[in-house]
Amino acid sequence: MAEFIWFLIVLLTLCVASYKRLGLVNTIALTAGVMFIGTLFGDIGWLGWLVFLLVAVPLGVSDIRKKHITKKLLAFYQKVMPEMSRTEQEAIDAGTVWWDGDIFSGKPDWDKLHGIPKGRLTQEEQAFLDGPVNEVCRMVDEWEINHKLADMPPEIWDFLKEHKFFAMIIKKKYGGLEFSAYAQSRVLQKLAGTSAVLSSTVGVPNSLGPGELLGHYGTKEQQDYYLPRLASGEEIPCFALTGPEAGSDAGAIPDVGVVCKGEWEGEEILGMRLTFDKRYITLAPIATVIGLAFKLQDPDGLLGDKQDLGITCALIPRETKGLDIGRRHFPLNTPFQNGPIRGQDIFVPLDYIIGGHKMAGQGWRMLVECLSVGRCITLPSTAAGGAKTVALATGAYARIRRQFRLPVGKMEGVEEMLARIGGNAYLMDAVTRFSTVGVDLGEKPSVVSAICKYHLTEKMRQVINDSMDVHGGKGIMLGPNNYLGRAYEGAPISITVEGANILTRNMMIFGQGAMRCHPYVLKEMEAANKDDRHEQLNEFDKAVFGHIGFAMSNKVRSLWFAFTSNFFSSAPFSDDTARYYKLLQGYSSNLAFMTDVSMGVLGGDLKRKERLSARLGDILSGIYLASATLKRYDEEGRLQEDAPLMHWALQTTLYDIETAIIEFLDNFPSRPIALGLKAIIIPFGRRCERPSDRMEHKIAGILQQPSTARSRLGDGQYLTREEGSLFGDLEQTLDNVLAAEPVFERICKEKGEKLPFTRLDKLADEALKDGIISEEEASLLKETEAGRLRTINVDDFDHEELMAASAKKGRNKGKSAA
């Protein structure tokens, strides 16, 4: 019995050492010390020591371990290691690891999270938001842009150029604004809440495109020529990457350039003959300089020994002979400028390559690095900005609109939707704040950018769908007074562009995350590919045994989490957020452990098990979204007024994480291993539930009642109460309705009947005549009724008004001919 007790003590020692990640040598030493104490008590004999030495010596003595264990592991690893394409390798090498690395660590450093600075605007950036951004929002007429012109009017184009909206990423020495990523995000959020066409038009030149590529990789001559012209608006850029045969799989572009000699401006020079067919190119119809991605070939060896140089990026002026900028695409009734670009055997100089001929073949790395930044800013910010504006608008509408003699926002079915809208808007803004600060710190977080792009565009789709359901007929009838319809139509656009969301979720998030963020996987791959055999064995030994220890640690941590929910673990705060930190720490261990088991069991097949990879990616994403939400709550002062929004976002995200874990285990190919994992990770079923009805009732109340919490939710959006501002009018009408209700109730009481909250103008005249209310109160009721009718009414048209201008023109021409 005593021997068994000491066996348990030794086993417990190994578990503690593994939990604490003491390392192989320290673990052996600690275990030997415990066994020595057991020997002193006379309970551990020579047999126990023999077993210990048979295990400890091969593992603890470096030369023995490398010769008899590591060497065999290396041979097996090289046999099963999945092949990696050049584009995959460049994508992995291009980005940086940031907070996503902590998520994969099994023990996130919460002090590090809260030590990351809060995003702040400079005086210049704030002045730009308060001045030109507000002014261009004021100029926007969505109905005119979308229905009448199918474009922004010339005065808006001129205003954008004059105030350098296209130059937020260009340095001041070239005439640009040189704004922070955080400031760019706030600008795009405000624009997106006003007009999708406006935000798309501004977002693209400040994201992946010639401006950013030139700033990072251009030659001095290219920068000095193009960047001032881009900053002033003299040049309008676009970037042509995708085409009919390569959409989300941009690395498979068939467009080619062949290095050759040709005539240019009367002289024979070394250049490229380009053939390409591109589509979906935003700003293409009006662009004056086109960034072009193609595969460069050098069959005659004019640049060196390599014939297939790889993906290359070049700048092609619009006036280049043979360049065909086609007609416009029409993306889901959202008429931002977008169209195809083609070219057949176009000859251009080699110095059109961004960065010059030395950057030939470096295009994919350039694109991935820039996309890692742009994906954190443009689409996530436009999604978050749209969600924030829609949240306030839907809350106001739900409070103003009445059915069955009460505001529709008081119906529990509507409350559920309002809670989803508000909670998602809070989370989405938290993610954009956190992620853009990472970019400003110098990170190029490729995994984080994929998380942001996928989850925020999907959440915006849910927000707009919920809002449409709340608005009912108001939402589906297009017209000058509809502020939702175009956003609903355009929601799939952001889902599709910059890599379709199906691809992003099923392949990119975990595919890159497992390689980039795991502390040992990339090190193992790099070690296994080294040419020097001695260095290869040494580096692989460090990586593989570090990996084994890491996996054992996360197994122990997952077991501890399963039985204690990390109740005894520390958290940075002792308030009602402490449980979230502890749960997230456990999920981090689960993620790392499940990843290691999956890689060990499935090997290269894991890459092809897209749905399994997607669920692991959902866990990674959920921890990131939750981390950003906790950080926002702390940065804003841990205000209890905002707590319902924070709790909803955290509880929903934690529930989704557990759903991903359960679905992963239910679908793991090996059932015995799946059952074993379930016993370690989640043996007692769910720990987390969705937000309660009571919680969602509180959020619905926040959206329907002016408060500082509601104002923070819509922070930075264009809600100015002025002529032509639909959202400003909604806000004013909400205030009027709330102010009018006590007056209305007094009239009902005096009249002794429960009247409907309609025809308030008529009621005001009667009550004023009867001496029940004052002149001021009567004016309030009349103003409220006018605003209420503007809110609930929808537009109607003559048939001729709904006909496109070209159709009317053709019809009228036909009548004249007749």
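This is a predicted model: local features need pLDDT of at least 70, side-chain atom pairs count only at pLDDT 80 or more; totals for chains, interfaces and linings use all residues.

Residues are numbered from 1 along each chain as its sequence is written, and side-chain values use heavy atoms, with hydrogens and water left out.

**Stop one: the core.** Select Ile341, Tyr587 and Tyr624, the residues with the most contacts inside the largest nonpolar core, which has 205 residues. A nonpolar core here is a set of buried Ala, Val, Leu, Ile, Met, Phe, Trp, Tyr and Cys residues joined through side-chain atoms within 4.5 Å; buried means under 20% relative accessible area, exposed over 50%, and partly exposed in between, using a 1.4 Å probe and protein chains only. Now color H15, which gives this core its largest share, 19 residues. (Helices are DSSP runs of H or I with at least four residues, numbered from the N terminus.)

Zoom in on Tyr587. What is it in contact with, leaving aside neighbours within four places in sequence? You'll find Phe561, Ile619, Ile623, Leu654, Ile657, Glu658, Ile661, Arg687 and Cys688, where contact means heavy atoms within 4.5 Å.

Next, pick Leu74, Met515, Ala527 and Val544: they are among the ten residues of a second, separate core.

**Stop two: Ser598.** Go to helix H23 (residues 578-602) and find Ser598. Ser598 counts as buried because its relative accessibility is 0%. Beyond the neighbours within four places in sequence, Ser598 touches Gly603, Leu606, Leu616, Phe664 and Phe668.

**Stop three: salt bridges.** How many salt bridges does a search of the whole structure find? The count is 44, each being a side-chain nitrogen of Lys or Arg within 4 Å of a carboxyl oxygen of Asp or Glu.

- Select Glu124 and Lys172, whose closest N and O atoms are 2.8 Å apart. Glu124 sits in helix H8 (residues 123-139) and Lys172 in the loop between helix H10 (154-162) and helix H11 (181-192), so this pair ties together parts that are 48 residues apart in sequence. Glu124 is partly exposed at 38%, and Lys172 is partly exposed at 46%.
- Select Glu741 and Arg399, a salt bridge of 2.6 Å, N to O. Glu741 belongs to helix H29 (residues 726-751) and Arg399 to helix H15 (residues 363-400), so parts that are 342 residues apart in sequence are tied together. Glu741 is buried at 14%, and Arg399 is buried at 8%.
- Select Arg186, Lys388, Asp429, Arg433, Arg632, Glu636 and Asp715 together to see a network of salt bridges.

**Stop four: cysteines.** Cys376 is buried, with 0% relative accessibility.

**Last stop: the surface.** Show the surface and select Trp46, Leu47, Leu50, Val51, Leu54 and Val55, which form a nonpolar patch with about 660 Å² of accessible area together. Patches take residues with over 30% relative accessible area and no salt bridge, and nonpolar side chains (Val, Leu, Ile, Met, Phe, Trp, Tyr) are joined within 5 Å. The areas come from the Shrake-Rupley method with a 1.4 Å probe. Leu47 is found in helix H3 (residues 46-60).

Notes: Patches are made of residues with over 30% relative accessible area and no salt bridge: like charges are joined within 9 Å, nonpolar side chains (Val, Leu, Ile, Met, Phe, Trp, Tyr) within 5 Å. Helices (H or I, at least four residues) and strands (E, at least two) are DSSP runs, numbered from the N terminus.
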